[in-house]
2 protein chains.
Amino acid sequence: MPSPEFFQVIPVADALRLLEAQWQPQPARETIATAEALERILASDIHSPEQIPAFRKSAVDGYAVRARDTFGASDALPAFLSVRGELQMGLAPQADIGGGEALLIHTGGMLPESADAVVMVERTQATAEGEIEVLRAVAPDENVIQAGEDVEGGALLLARGQRLRPQDIGGLLAAGCAAIDALCHPRVGVLSCGDELLPPESALRPGQVRDINAYTLGALAQKLGAHPVHLGIAADNPEEYFRRAAAGLADCDILLLSAGSSVSARDYTRDVINRLGRPGVLLHGLAIKPGKPTIIAVCDNKPVIGLPGNPVSALLVALQFMPFLVARFAGQPLEPPRSVRARLAQRVASATGREDWLPARLREQGDGAPLAEPILGKSNLIFTLASADGLLSVPLNTGGYDAGAEVEVILF
Amino acid sequence: MPSPEFFQVIPVADALRLLEAQWQPQPARETIATAEALERILASDIHSPEQIPAFRKSAVDGYAVRARDTFGASDALPAFLSVRGELQMGLAPQADIGGGEALLIHTGGMLPESADAVVMVERTQATAEGEIEVLRAVAPDENVIQAGEDVEGGALLLARGQRLRPQDIGGLLAAGCAAIDALCHPRVGVLSCGDELLPPESALRPGQVRDINAYTLGALAQKLGAHPVHLGIAADNPEEYFRRAAAGLADCDILLLSAGSSVSARDYTRDVINRLGRPGVLLHGLAIKPGKPTIIAVCDNKPVIGLPGNPVSALLVALQFMPFLVARFAGQPLEPPRSVRARLAQRVASATGREDWLPARLREQGDGAPLAEPILGKSNLIFTLASADGLLSVPLNTGGYDAGAEVEVILF
C-alpha cells in the first residue's frame, strides 16, 4: 500500500509565475483568408498595399462643383449652375466640369478632375431643365473624401498581435489584403489514464465509468479559441502512459493529463511527466480546493498539466490555467472572466492557506444584486457543475464568508 | 433628381420592441454529437437514460469495510481488520468481505456487496502482512458515493433552452447521452447592392470599391454564434435587387441588406423590402448617428434590416440589432456587451433627440479608469473603427459630455 501523498502546496498565482518564467511559447503561423480570420491573431504587421479610398470621392449626395463658383451663395442670392449630367457609380467620371457647371454625384462617387467640392442636394433647388440654384457656398474640399484619407498606401494597417475583429477584417479587405499570416491555434492535447475509463459512447459494465475529461477539457479549450486534440485513454501502466503522453506532447502545444483515480497512476504521473522533457515538474500540489494534487510542468518548452482524475476537480483546475496558457501562447493579455457581484445566501467556511472554489447558483432578487447559493455536498459530482451558474472563490487567506456577504461570482 | 429623404426617426429601443412584437422566431432543430455541442442550445429537455454513478463507489483511497467493525476505534485503541486483497479498478468486485475484513479500494472503485463504508488510507496503519489498524471509526455510508447520487435515472438533466457549457457536455456524456437535439444556428444573409461594388478579392478600376459589408456583417454574425451567408452583390436595379433579396430571404432566418450609396437604391430598398413579405417595413429612420436611414422590417416572420451602405454606419447599426436578433432567435436572454468605465479625454457634443455612437481609443492611466479618446472626423472611414478599442454612446437626450466625464465604453 503506497503511503499517503504529501504536497507542499503553492498558490495558483505563484504557479502561473513559474509557468511564465519557464515557458517561452513559439506558436506556428499559417496564411489564411482574411474573410475567415475572425478572432485570429496577426503574426506580422500589415501595411496597406493600396491607399483608401483609392480615389477622391463624394461624402454626400449632391453636385460636384468648383467651390469658387458657389462663393457668396445664399437663399436670397443663389448661385446658378448648369448641370452637365449625372456621374455613374462604379465608373471613372465620363465628363468634367468647367466654370459655372455642376455634375450630379452620389455618395461614394468619384469626383471629376476639375471639381473640388460637393454641394449637398439639400442645399440646392432645381430650376429650369439642366440648371440648379446653389443656396449655400461650399469651401474647397467640402464634402470630399481625399484619396488616401482613410489610409495612405504603405501605412501600417494593423500591428502584429492584433486579434481580428469584424471591423479589422473589413479594413483589411478594403485595402485589398485578401490573406494574412495568423498564429496557429494552440493544440491542446488531453490524455486520460485509468483502467476504469471507457470512451463516452460506450455501454458500461459494473465498475466502469465514461471518460468525460477529454470532452470537458476539450470544450474548455475550444471555448478559449484553442484546438482540442483527444489523445484517448491510456491503461493504468507507466510505460503505456509515458508512450502515449510523449506522442501527445510531440503533436500538441499544451498537454493536459488526467490521471485515473487509482493511486498507482497518481504515483507515476509525476515520473512520466519528468521523462517527457526538461525542466519537467515545476510543482506538485496547489493551494486550491478542489485540485490540490495538481502537477504543473514544462517539458521541452511546452506546458504539461497533471490534473486530478475527478471531472469536477479537473475542470475547475483547468479553469485556473487554461485561459492563461491560451492567452500567453498567442502573446495576448489575459482577459478577466465575466463575473457578477452577488450576495451570499448562506455562510461558507474555508480553511485559510488555500483558495476554495465553489459552484453556485444565481437567483435574481428584483433590482438588487442576485443571491448566490453555493452548491455544497460532495464535490466530485459533475452535475454540481452542470447545475451551477458560476463559481465562487474564497481566497487564500480568508476563513470564509458570512451569509449576506458581497461576493464575485465568475460566470462559466 | 429625387427629393431629399425625410424620416420620422425612432429610438433603437423602440425599434427592438417593434421587432419583438412582430417576429416569433421558429428555429429549426438538428441532432448533433454531444461532444461537438459546445455553445449549442438544447431544443428539448434531456432526461438521464442512466443513473450516475451507475454503482456504489468509494470517494477516497482506502479500505472498504463494514462500518460497525470500526465503531469505537481510535489511535489508542485501533480496530484490527484483515485485508482480503485489492479491488481492481474498472471491474465489479471479485471478492466480498465478511466480519472483521477489509478490501483495499481506490477512489472511484466499486464497493463490494457487504461493505457499507470506506476508511481513508490516512486513518489506517499497516501492521502484520494482511492486517491493518483502523485509527478512526467510520459511520455507515461514510466516504461512499451512492448509485444515482449525482443523478437518478430518468431525472431531468438539462432543460430546453440551455446553452451547453463544457460542464454540461461532461454531464450529458457521463449519463450516456452521446447525441442531443439542438437549435440550428440562425442563418444570417447579407446582400449588398451597388454598381460601384466589387468582391473584396478584386483589383479595382477608378470609381470602384470593394464590398466589405458582407464580411464585416458576416464576421459579426459569426462572433455572435450565427451562420453568415454571403448573398453577393446586386446591381443597382430594383428587379435584380428584389429577386436576389427574395432568394436570400428564403434561404436565411435573418436578412441584412446593405444598399449601395446611390440615391436610387436607397429609394427603392423600402419598396423591395415591402415586396418580400408581410408586414414589411416597420420603420424607416433611426434616432441614431451614424445610421439614421436604417429600415427595420419583418417579412414572412423573418427580420429584414436595411442598413446604410457605408461600412462604418452599417456595422454600428448592426451592432445595435444583431445581438438582439441572434439571442431572440434562440430564445436566449440578451447578454450585456463587455464594457469598461473610462474618463473622456475631450468634450463630445451631440444633438439631443438622437443617440450618437463614437469610436474611441482607450489609454491606460496607471491605477485609475482609462482615458477614452473619441476618434472624431469623417465617420465613414473603416479605419476609424479598426483603430478603435470600443464605442462610446451619447444617449438620446444628452447634449454631450464634458472632458473628464465618466463614460461607459463598449468593447468591440
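User: How many residues does the contact take from chain A and from chain B?

Analyst: This is a predicted model. In it, chain A gives 69 residues to the contact and chain B gives 69 residues. A residue counts here if its C-beta atom, placed from the backbone, lies within 7 Å of that of a partner residue.

User: Which elements of chain A supply at least two residues of the side that touches chain B?

Analyst: They are helix H2 (166–174), strand S15 (209–210), helix H3 (213–223), helix H6 (311–329) and helix H7 (382–386). The largest share, eight residues, comes from H2(A).

User: What is the make-up by class of the side of chain A that touches chain B?

Analyst: That side has 40 nonpolar, 16 polar and 13 charged residues.

User: Why are the two copies said to be related as by a two-fold rotation axis?

Analyst: Chain A is superposed on chain B by a rotation of 180°, with 0.0 Å of shift along the axis and an RMSD of 0.0 Å. The relation between the copies is therefore that of a two-fold rotation axis. The same surface serves both copies, as 100% of the contact residues of chain A recur in chain B.

User: Which residue of chain A comes closest to the rotation axis?

Analyst: Arg338(A) does, with its C-alpha at 4.2 Å.

User: Why are H2(A) and H3(B) called roughly antiparallel?

Analyst: H2(A) and helix H3 (residues 213–223) of chain B pack at an angle of about 155°, and their axes are 8 Å apart. Angles over 145 degrees count as roughly antiparallel. The pair H2(A) and H3(B) therefore gets that label. H2(A) passes H3(B) in a right-handed crossing.

User: Which residues make the contact of H2(A) with H3(B)?

Analyst: From H2(A) come Pro166(A), Gln167(A), Ile169(A), Gly170(A) and Leu173(A), and from H3(B) come Tyr215(B), Thr216(B), Ala219(B), Leu220(B) and Lys223(B). By class, this contact has six nonpolar, three polar and one charged residues.

User: What makes H3(A) and H2(B) roughly parallel or roughly antiparallel?

Analyst: H3(A) packs against helix H2 (residues 166–174) of chain B at an angle of about 155°, with the axes 8 Å apart. This makes H3(A) roughly antiparallel to H2(B), since the label is given to angles over 145 degrees. The crossing of H3(A) past H2(B) is right-handed. In H3(A), Tyr215(A), Thr216(A), Ala219(A), Leu220(A) and Lys223(A) meet Pro166(B), Gln167(B), Ile169(B), Gly170(B) and Leu173(B) of H2(B). This contact of H3(A) with H2(B) has six nonpolar, three polar and one charged residues.

User: Why are H3(B) and H6(B) called roughly parallel?

Analyst: H3(B) and helix H6 (residues 311–329) of chain B pack at an angle of about 20°, with their axes 10 Å apart. The criterion for roughly parallel is an angle under 35 degrees, and H3(B) and H6(B) are therefore roughly parallel to each other. H3(B) passes H6(B) in a right-handed crossing.

User: Which residues meet where H3(B) packs on H6(B)?

Analyst: Asn213(B), Thr216(B), Leu217(B), Leu220(B) and Ala221(B) of H3(B) meet Pro311(B), Ala314(B), Leu315(B), Ala318(B) and Met322(B) of H6(B).

User: Into which domains is chain A divided?

Analyst: The division gives domain 1 (12–28 + 185–329), domain 2 (29–51 + 156–183), domain 3 (57–145) and domain 4 (339–411). In chain A, the C-alpha centres of domain 1 and domain 2 lie 33 Å apart.

Key: Residues numbered from 1 in each chain as written. Chains lettered and ligands numbered in written order. Predicted model: local features only at pLDDT ≥ 70, side-chain atom pairs only at ≥ 80, totals over all residues. Least-squares fit on C-alpha atoms with pLDDT ≥ 70 in both. Contact = placed C-beta atoms within 7 Å. Domains from an automatic or database assignment. Helix = DSSP H or I, 4+ residues; strand = E, 2+ residues; numbered from the N terminus. Nonpolar A, V, L, I, M, F, W, Y, C, P; charged D, E, K, R; others polar. Axes fitted to C-alpha atoms, helices over the stretch in contact; angles between N-to-C directions. Parallel < 35°, antiparallel > 145°, perpendicular 65-115°, else oblique. Left-handed = near helix turned anticlockwise from the far one by under 90°.
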